[in-house]
Structures are given as C-alpha cells and as structure tokens.
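Work through these exercises with the structure open beside you. Try each task before you read its solution.

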Amino acid sequence: SKPRNKYDELFRQASQCANNKIDESLICVKQNIFESTRANIFVRYGNTIVTPKLNNSILNGVFRQAITAEFEHDILTLTQDNISLTSLINADEIILVNALRGASLIKTIDSVIFPELSKYTPKEPVLKKYLDALYKKNIKTFNEGE
C-alpha cells in the first residue's frame, strides 16, 4: 500500500526489524545514512571521522552531543557530512553511539537489498577505543553530579 505520510515507510521498516529480531537497523534516506534505530552513527575512513549533519531528520543524542563538543584527538579529525550507503564498504570503523549503550562497533552488515555491504570488515578499533574512554569520562562526571 502507498505510504500516507513520510513516516509510514520508516515505521513499516522498524516493525519488520522488530518482527525479525534484528538488533539494529540503519536508517537510510536517498542513499544517505542518518542514524540507526537506537543510536547515532560515526564512521571512520582513515583519520577522518564522519557523522551526519544535524537536520530535522536526525536526533542529536546525548552521547553524540558530548562527542561533538569534546572531540579532541591527535590524529583523528571529526567532520559532519553526508554518509552515503555505498561508502560504508570502505569504512575502517562504523560505530553506533547512545547514552545508555556507549559506543558499539558494527562488525558485519547483513543486507538483502545491498549485498555488496557484506564486504565491510572493521579495521583496528581506533575510534572505538577513543569513544569508550570519552564515554567512561562522561559517565563518571554524571555519576559524580558535576
């Protein structure tokens, strides 16, 4: 059936994910990744980290806010830009972040629609280690009431 509004398709896809016991699903609009079903996304290509630009479609999650405000690394640089679906094949790391789970490394991509994405293989977890440390620092600060 034809979607009634722009959210119908997203809700239909989310329902399919829940029914199929899929833990996480990337939200892709016009071939660009925006976020996942429960987290914001950060992708590392070499020394460049990309997270989508904020717009009306992306929630600025608590941990995403901390990362963008506090990001300081000797080698890595953070930028906000589009993340094309096909660029994920060449990613060194794909990380999903949220305030409850911290940073989660995507280890595999299983897609019937885009089988070429199964070629993604994470490299050395440089970004994951940095985000884990940043998460621990922020949780400690929160728990201390600062």
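Two strands count as paired if DSSP finds at least two bridges between them. Keep in mind that this model is predicted.

**Exercise 1.** Find the order of the strands in the open sheet, and say which strands stand at the edges.

*Solution.*
Step 1. The open sheet has three strands, in the order β1-β2-β6, and the pairing is antiparallel.
Step 2. β1 (26-29) and β6 (83-84) each have a single partner strand, so they stand at the edges. One side of each is therefore left without a neighbour in the sheet.

**Exercise 2.** Which residue in β6 is the bridge partner of I33?

*Solution.*
Step 1. Strand β2 covers residues 32-36 and pairs with β6 in the antiparallel sense, over two bridges.
Step 2. The bridge partner of I33 in β6 is I83.

**Exercise 3.** How many aromatic pairs does a search of the whole structure find? Describe each pair.

*Solution.*
Step 1. The search finds two aromatic pairs.
Step 2. F63 and Y135 pair edge-to-face, at 5.1 Å centre to centre with 65 degrees between the planes. F63 lies in helix α2 (residues 62-70) and Y135 in helix α3 (residues 126-143), so this pair ties together parts 72 residues apart in sequence.
Step 3. F71 and Y130 also form an edge-to-face pair, with 5.1 Å between centres and 65 degrees between planes. F71 sits in the loop between α2 and β5 (77-80), while Y130 is in helix α3, 59 residues apart.

**Exercise 4.** Is F63 buried or exposed? Then classify Y135.

*Solution.*
Step 1. Buried means under 20% relative accessible area.
Step 2. F63 has 4% relative accessibility, so F63 is buried.
Step 3. Y135 has 18%, so Y135 is buried.

How values were computed
Residues are numbered from 1 along each chain as its sequence is written. This is a predicted model: local features need pLDDT of at least 70, side-chain atom pairs count only at pLDDT 80 or more; totals for chains, interfaces and linings use all residues. Side-chain values use heavy atoms; hydrogens and water are left out. Helices (H or I, at least four residues) and strands (E, at least two) are DSSP runs, numbered from the N terminus. Rings of Phe, Tyr and Trp (its six-membered ring) pair if their centres lie within 6.5 Å; planes under 30 degrees apart count as stacked, over 60 as edge-to-face and the rest as tilted. Buried means under 20% relative accessible area, exposed over 50%, partly exposed in between (1.4 Å probe, protein chains only).
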